[in-house]
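Subject: Structure handover

Hello,

Here is the structure I promised to pass on. My notes on it follow below.

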Number of protein chains: 2
Amino acid sequence: MLQALARPTVGHLDPEFQGLMEEIKQALQRLFNAPDHACVPLPAPGTAGMEAAIMNLLEPGDRAVIAVNGAFGGRMADMAGRAGAEVVTVDHEWGKPVDPAWVEEALEQAPAKVLAFVHAETSTGARSDSATLCAIARKHGALSIVDCVTSLGGIAVDVAAWDADVVYSGTQKCLSAPPGLSPIALSNRAQAAISARKEKVRNWLCDFNLLMSYWGGEGGRTYHHTAPVNALYGLHESLVVLFEEGQQAAIVRHARMHEALAAGLEAVGLRFLVDEPHRLPQLNAVLVPDGIDEAAVRTHVLAKWDLEIGAGLGPLKGKVWRIGLMGASATPWHVRLCLTALCDALTAQGRPADVRAALLAAEGRLAGWRLRG
Amino acid sequence: MLQALARPTVGHLDPEFQGLMEEIKQALQRLFNAPDHACVPLPAPGTAGMEAAIMNLLEPGDRAVIAVNGAFGGRMADMAGRAGAEVVTVDHEWGKPVDPAWVEEALEQAPAKVLAFVHAETSTGARSDSATLCAIARKHGALSIVDCVTSLGGIAVDVAAWDADVVYSGTQKCLSAPPGLSPIALSNRAQAAISARKEKVRNWLCDFNLLMSYWGGEGGRTYHHTAPVNALYGLHESLVVLFEEGQQAAIVRHARMHEALAAGLEAVGLRFLVDEPHRLPQLNAVLVPDGIDEAAVRTHVLAKWDLEIGAGLGPLKGKVWRIGLMGASATPWHVRLCLTALCDALTAQGRPADVRAALLAAEGRLAGWRLRG
């Protein structure tokens with residue numbers, strides 16, 4: 001995959017590159033299962049997808065209902081304010097999924113143009129029910145914005161089944177491409193709403209009225225920005241790898257690796273932040289046991305085991321570790337490394353953790369996975 | 001350089017990567033000659049630098065004077081309107097440099113918060129006098145925004161001598177790194193103006209109040225976006241290459257390659273759009289002779305010589321070709337290729353062009369360059 005990045009940089013207006021762009025657009029439609037959506041990779045990290053979604057759909061005078069159950073829902077609300085919208089947040093405890101009943105209540109109070117929520121909250125490891133939330137949005141005449149930065153490629157993302165309006169992701173999570181691009185899908189309803197805006201989109205780089213004439217196939221391209229050619233090689237290669245494995249197979253793999261990790265962690269008495277039915281397999285938020293210096297544990301596993309564990313954000317700072325098993329790192333080898341490194345660090349902190357028990361518990365699940373596989 | 005892109009992607013919060021970020025920040029200060037400016041590479045193409053400059057310095061109620069002498073000045077004016085500013089454009093014929101007297105007149109009419117202009121207009125090949133324009137801005141109490149997307153690394157960019165406020169560039173022009181990043185420098189005056197804003201910046205991804213706590217060295221980093229790690233490897237490598245050659249040496253090389261190309265083009269009767277004193281060496285806008293199908297020429301040189309020549313934009317559509325000699329493509333080999341391919345295409349179009357005369361004229365200059373070198 002990394003070698004794909006090093007292919008010679010061709011001009012972004014070169015016909016050869018435009019062929020690659022077309023392939024990527026079609027592959028994104030397949031990836032999102034969004035055959036009727038316009039799909040493009042935005043030329044900036046996943047946050048650009050969020051900004052594009054919010055800034056294109058909202059303008060001053062619009063009302064937006066935004067579910068906040070972690071850092072990224074909060075960021076959406078911040079952006080919607082910058083777009084000039086009237087923002088109504090539906091606040092949840094961090095670690096809980098979005099509650100459809102609360103969201104519906106907010107939509108019943110007054111009409112909203114947009115309902116925005118995060119499918120897979122990277123800050124907490126909680127999964128929300130996109131199908132139900134999108135259906136509530138449609139019922140109340142709102143356009144849905146779904147953040148799939150961490151979900152895409154790791155759990156099922158089915159834009160057509162959800163009938164979602166704007167769905168975006170990043171490349172560096174479960175796609176295992178380098179960071180720097182943000183795939184996005186827009187429904188016909190969303191495109192019509194953007195065309196009908198009264199004011200220009202406040203963000204030029206993410207203005208879909210401009211972007212679609214750059215990426216759009218018909219009538220030739222209008223120059224907009226210089227596409228990050230090499231990053232697109234990387235995305236293309238990651239899609240080739242994913243489709244070779246099969247999207248369904250990759251989703252099963254993420255689920256099994258999570259089960260093995262969870263069995264190992266539980267064998268040494270560690271617990272999860274998120275209740276079992278709502279856990280993301282690719283982002284494991286583990287509660288820090290009492291009396292443990294959580295930062296020292298992260299420093300230990302990075303220095304000694306070359307393994308990066310995420311810190312808690314916001315109200316979860318110091319309270320959880322976030323262990324990612326995403327894309328190419330969702331393998332038995334990584335599960336064993338995580339368990340070994342974490343047990344070693346806990347033992348070094350004076351809280352003995354039996355690495356053998358953890359690994360045996362995990363291997364039981366991994367063996368089952370291999371038999372099923 | 002391309003191999004640098006393929007180095008393993010480390011976490012963007014990894015201490016090793018943060019060391020690389022510090023090196024890049026210092027190298028950008030050296031590159032811009034901006035020791036007292038805050039310098040960072042924004043995680044998106046050159047247009048993101050423009051958007052960041054405009055969106056951070058301007059808010060509703062501010063007056064902005066924007067010199068327009070090509071496509072990119074026009075884009076700045078568009079963005080300033082999206083920022084909610086009162087926009088006064090100072091319009092020039094495309095191909096002319098910005099006229100300091102006209103700009104001063106606009107600043108005298110009413111106080112402005114910002115004067116924005118393009119140092120090196122990629123759409124026309126015209127160079128404007130940044131030192132004089134920045135001095136006029138200071139005289140009238142305006143902050144200067146200077147677009148150096150095409151100038152940086154090809155002609156002198158001296159932010160300290162200009163005493164400019166916000167200067168940005170791209171990576172894919174004279175730095176010859178892959179597209180996808182936008183280096184930017186901010187003066188203390190600009191930073192103070194951003195801190196004193198009444199409204200939030202409309203563009204979250206480019207909000208310097210957020211970005212500086214991510215990139216800033218003191219007090220730890222606040223998570224903002226996921227840095228495009230591999231693209232930053234590419235930028236770092238391109239800076240190593242540039243500093244090995246020497247910035248002054250690279251500028252002399254661009255000047256000499258332009259002289260050789262110009263001698264060759266003039267030997268076969270071709271003429272430039274821009275008057276000689278204002279020509280950019282790295283972007284050569286050549287007038288299309290009467291009766292020539294300019295698109296057929298571009299198609300011919302791409303298909304037969306694997307050489308991409310830019311088309312005219314806006315009012316110059318169909319009237320000029322734009323020949324870039326930037327960074328790693330500013331070499332005698334590229335000069336010869338351009339002349340050979342263009343003479344071949346013109347001859348194929350029924351306007352015989354003597355390739356031998358063109359090459360001999362160019363070689364005269366290249367030989368002189370080698371003797372001087």
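First, the terms for helix packing. Axes are lines fitted to C-alpha atoms, for helices over the stretch in contact, and angles run from 0 to 180 degrees between N-to-C directions. Helices (H or I, at least four residues) and strands (E, at least two) are DSSP runs, numbered from the N terminus.

This is a predicted model: local features need pLDDT of at least 70, side-chain atom pairs count only at pLDDT 80 or more, and totals for chains, interfaces and linings use all residues. Residues are numbered from 1 along each chain as its sequence is written, while chains are lettered from A and ligands numbered from 1 in the order in which they are written.

**Helix pair in chain A**

Helix α5 (residues 100-109) of chain A packs against helix α6 (residues 130-139) of chain A. The angle is about 15°, and the axes are 10 Å apart. That makes α5(A) roughly parallel to α6(A) (angles under 35 degrees count as such; over 145 is roughly antiparallel, 65 to 115 roughly perpendicular, the rest oblique). From α5(A), Pro100(A), Val103(A), Glu104(A) and Leu107(A) take part. They meet Thr132(A), Leu133(A) and Ile136(A) in α6(A). By class, the residues of this contact are five nonpolar, one polar and one charged. Here Ala, Val, Leu, Ile, Met, Phe, Trp, Tyr, Cys and Pro count as nonpolar, Asp, Glu, Lys and Arg as charged, and the others, Gly among them, as polar.

**Sheet in chain B**

Chain B has an open sheet of three strands, in the order β10-β12-β11, with antiparallel pairing (two strands pair if DSSP finds at least two bridges between them). Its edge strands are β10 (283-287) and β11 (310-311) of chain B, each pairing on one side only. Five bridges join β10(B) to β12 (residues 320-324) of chain B. Asn284(B) stands opposite Ile323(B) in β12(B).

**How the two chains relate**

The contact takes 38 residues from chain A and 38 residues from chain B (contact: C-beta atoms, placed from the backbone, within 7 Å). On the side of chain A that touches chain B, 17 residues are nonpolar, 14 polar and seven charged. The copies meet through the same surface, because 100% of the interface residues of chain A are also interface residues in chain B.

Best wishes

Terms used: Two residues are in contact if their C-beta atoms, placed from the backbone, lie within 7 Å.
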